[in-house]
Amino acid sequence: MCYTVTMERIDLHTHSAFSHDGNAALADMVAAAHAAGLKYYGISEHFDYDCAALGVTVNGKPLRQIDARAYFAAARALQTRNENLLVGCEFGYADNAETLAAYARTVARYAPDYVINSVHVCDGKDCYFPDYFEGKTVRRAYEDYLACVRASLDAPYPYDIVGHIGYVSRNAPYEKKKLRYGDYAAQYDDILKTVIAKNVILEANTSARGTGGAILPDTDVLQRYYELGGRALSFGSDAHGTGRIAERYDETVSALRAIGFTHFTVPVRGKRLEISF
């Protein structure tokens, strides 16, 4: 069921210091979102069970895993005083039985308000970092990544949002690094049609520095999503500190309006709100 809210601002993809790479306290992130006038603010801490199960490291060190109990206790306490705070998770997908089971247990135990399902790890490596690209042409690196994204859509645990498609291009070492729809049309069409068929939400993520575009996925992919009938979009800044909450919101809305989109979709414990531009 959907309810419509008009002319409000949102940000559903953010991280506090509960995540391994967050740099601000959770309470400070919530306060900054309130000061920015957001109608709906979602905290979506990293759950990196993929990295733990597969032994993925960054700079030779394992990632600090989230204390799920402490996170949900702190976030739910803040939620009692901030009714439009949403308590979510970002799951890093991997086709690994241990990982999939861990995410399913997290949903069952903590009942997050929403889940972002994202691909960070591909071929056993985090595809943000240089070692993922070693020995790979741009086509091989991107085709492998898009194959992982497609596999993630069949995850057996419940999720609401498909996160930052194009993540692989953020730090890619290639001269021509933009992950264009036209270069991978068949794979993108399979992904976008599956997003629509599964009735999940595609994220417009503004943490796109270094990708050659302003949004992940870029506007050519979003245009194709619209052509195929996709209308459910989420907004995420991917802020890891207070200074980037809702970053480039108005610019993103302008680009989406030009395509034909009229609203963002906010998932809240099985219900959906439509936030009109």
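Author: Let us begin with a pair of helices and ask which residues meet. Tyr188, Asp189, Leu192, Val195 and Ile196 of H6 meet Val221, Arg224 and Tyr225 of H7. Please keep in mind throughout that this is a predicted model.

Reader: At what angle do H6 and H7 pack, and how far apart are their axes?

Author: Helix H6 (residues 185–197) and helix H7 (residues 219–227) pack at about 50°, and their axes are 10 Å apart. Because angles under 35 degrees count as roughly parallel and those from 65 to 115 as roughly perpendicular, H6 is described as oblique to H7. The crossing of H6 and H7 is right-handed.

Reader: How does the packing of H5 and H6 read, in angle and in the distance between axes?

Author: For H5 and H6 the angle is about 15°, with the axes 10 Å apart. On the H5 side the contact is made by Glu143, Leu146, Ala147, Val149 and Arg150; on the H6 side it is made by Gln187, Tyr188, Asp190, Ile191 and Thr194.

Reader: Which residues touch the most other members of the largest nonpolar core?

Author: They are Ile10, Tyr41, Phe47, Tyr145 and Phe264, in a core of 87 residues. Helix H5 (residues 138–152) gives the most to this core, namely six residues. Another core, of five residues, lies apart from it and includes Cys51, Val56, Val58 and Val121.

Reader: What does Phe47 touch, beyond residues up to four places away in sequence?

Author: Its partners are Ile66, Ala68, Tyr71, Phe72, Cys89, Glu90, Phe91, Gly92, Tyr103 and Thr106.

Reader: How does Asp123 read by the relative accessible area?

Author: Asp123 has a relative accessible area of 44% and is therefore partly exposed, a description that applies between the 20% and 50% cut-offs. Asp123 lies in the loop between strand S8 (121–122) and strand S9 (125–126). Leaving aside neighbours within four places in sequence, Asp123 is in contact with Tyr132, Lys136 and Asp144.

Reader: With which side chain does the side chain of Ser237 make a polar contact?

Author: In reading a polar contact, one names both partners and gives the distance. The side chain of Ser237 makes such a contact with the side chain of Asp11, at 2.6 Å. A polar atom of the Ser237 side chain also lies 3.1 Å from the backbone nitrogen of Ala239. Ser237 is in the loop between strand S12 (233–236) and helix H8 (249–259), and Ser237 is buried, with a relative accessible area of 0%.

Reader: Which backbone atom lies 2.9 Å from a polar atom of the side chain of Arg170?

Author: That atom is the backbone oxygen of Ser207. Arg170 is found in the loop between S10 and H6. With a relative accessible area of 12%, Arg170 is buried. Beyond its neighbours within four places in sequence, Arg170 has contacts that include Tyr128, His164, Leu216 and Asp238.

Reader: What is the phi of His164, and what is that of Asp238?

Author: The phi of His164 is near 25°, a positive value in a residue other than glycine. Asp238 is likewise not a glycine, and has a positive phi of about 60°. His164 is in the loop between S10 and H6 and counts as buried at 1% relative accessibility. Asp238 is in the loop between S12 and H8 and counts as buried at 4%.

Terms used
Residues numbered from 1 in each chain as written. Predicted model: local features only at pLDDT ≥ 70, side-chain atom pairs only at ≥ 80, totals over all residues. Heavy atoms only, no water. Helix = DSSP H or I, 4+ residues; strand = E, 2+ residues; numbered from the N terminus. Buried < 20%, exposed > 50% of the residue type's maximum accessible area, 1.4 Å probe, protein only. Polar contact = N/O pair within 3.5 Å; in protein donor to acceptor, adjacent residues only side chain to side chain. Core = buried A, V, L, I, M, F, W, Y, C linked by side-chain atoms within 4.5 Å. Contact = heavy atoms within 4.5 Å. Axes fitted to C-alpha atoms, helices over the stretch in contact; angles between N-to-C directions. Parallel < 35°, antiparallel > 145°, perpendicular 65-115°, else oblique. Left-handed = near helix turned anticlockwise from the far one by under 90°.
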